[in-house]
Amino acid sequence: MSSRTNISCLQEAARVAIFGGTHGNEMSGITLVNMWIQNSAEIERNGLLIKPFISNPRAVEKCSRYIDTDLNRAFTPENLSAPDVEGLPYEVQRAKEINRMFGPKGSADAYDVIFDLHNTTSNMGSTLILESSTDLFNLQMVHYIKKAMAPHTCSVLLNEHPQLKYSTTRSVAKHPVGLEVGPQPQGVLRSNVFESMRTILKHALDFIELFNSGVTFPPCTVDVFRVQERMDYPRDTNGNITAMVHPHLQDCDWEPLNRGDPMFLTFDGRTVLYEGANTVYPTFINEAAYYEKQQAFMTTGREILAANAIRKACK
């Protein structure tokens, strides 16, 4: 990357992958990707190699989140460098295959962009997930998408935290982007969620085509929700859940949670209040897939990120 007169010149994004089925029961991405594998006309753009891809086919076949372990947490250095021996968990084998096909992770040969399509049972609406606050390409792209989606909202979750590490499927790419749309039950396809995901992908691919054509994107700012802490359910000494998400918090993703606000309702009717010092913005509230991860919701903080103007670097 170079900078001249405050314009950052970035390499073109020539290769793009669209992953569905990282979790085999999240139907919107699975359906869209299978549709585009059969007929890619809708996602074709000038000068772009775009590959729709089912990332966890065995889980998709069983309509289950995963077979042996969560593929979206499997892209660790240890897993990717593990020898190819018999008995590896299926998702570790698959992570190694994906890394060979679309990576290697962290290398110049990796795909430029991977969109990883997910559904949530939480009331998050449409959410773009970023992994870096300094990726100017992604910041400009989500700014473009948010403007194109208006007046409909599209939140941006920034998964950047020193104590919360994610080894996601999309992290193989130079510019990884997650797309989470809900609420939608597992194993179910809802038309409004399907169409929202489809529309966001259209705008994202439009942005990449424009960038590659030489369009300069001016400086911008992006409102993001930066991940802070995973909040577990209250539990007894045996580790059993003793409370539910409070009805005043349920379905209130991205809304402020202040000190003293209801957070949980115990099975015997007692309200557990939020005792944090600062206002937070919960998300992934009561996500079905996160019970096994001992997470009732995730807290975030709001901030504004600034991005330089960008254009494609001259060859």
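Predicted model: local features only at pLDDT ≥ 70, side-chain atom pairs only at ≥ 80, totals over all residues.
**View 1. The binding site recorded in UniProt.** An unreviewed UniProt entry places a "binding site" at Asn72, Arg73, Tyr166, Ser167, Thr168, Thr169 and Arg170. These residues gather at one spot, because no two of their C-alpha atoms are more than 10.3 Å apart even though they span 99 residues in sequence.

**View 2. Asn72 and its surroundings.** Here we look at Asn72, which sits in the loop between helix H2 (57–62) and helix H3 (77–80). With a relative accessibility of 6%, Asn72 counts as buried. Leaving aside residues up to four places away in sequence, Asn72 touches Ser167, Thr168, Thr169 and Arg170, along with Thr22, His23, Asp116 and His118.

**View 3. Thr169 and its surroundings.** Now turn to Thr169, found in the loop between strand E7 (155–158) and strand E8 (175–182). Thr169 counts as buried, at 0% relative accessibility. Its contacts, not counting residues up to four places away in sequence, are Phe19, Thr22, Ser55, Leu71, Asn72, Phe75, Ile98 and Asp116.

View 4. A disulfide is a covalent bond between the sulfur atoms of two cysteines. Searching the whole structure turns up 0 disulfides. For Cys220, the closest cysteine sulfur belongs to Cys154 and lies 14 Å away, so the pair is too far apart for a bond; the cut-off is 2.5 Å. Cys220 counts as buried, with 7% relative accessibility, while Cys63 counts as partly exposed at 37%.

Note on methods. Residues numbered from 1 in each chain as written. Heavy atoms only, no water. UniProt positions renumbered as here; feature names shortened; annotations may be inferred. Helix = DSSP H or I, 4+ residues; strand = E, 2+ residues; numbered from the N terminus. Buried < 20%, exposed > 50% of the residue type's maximum accessible area, 1.4 Å probe, protein only. Contact = heavy atoms within 4.5 Å.
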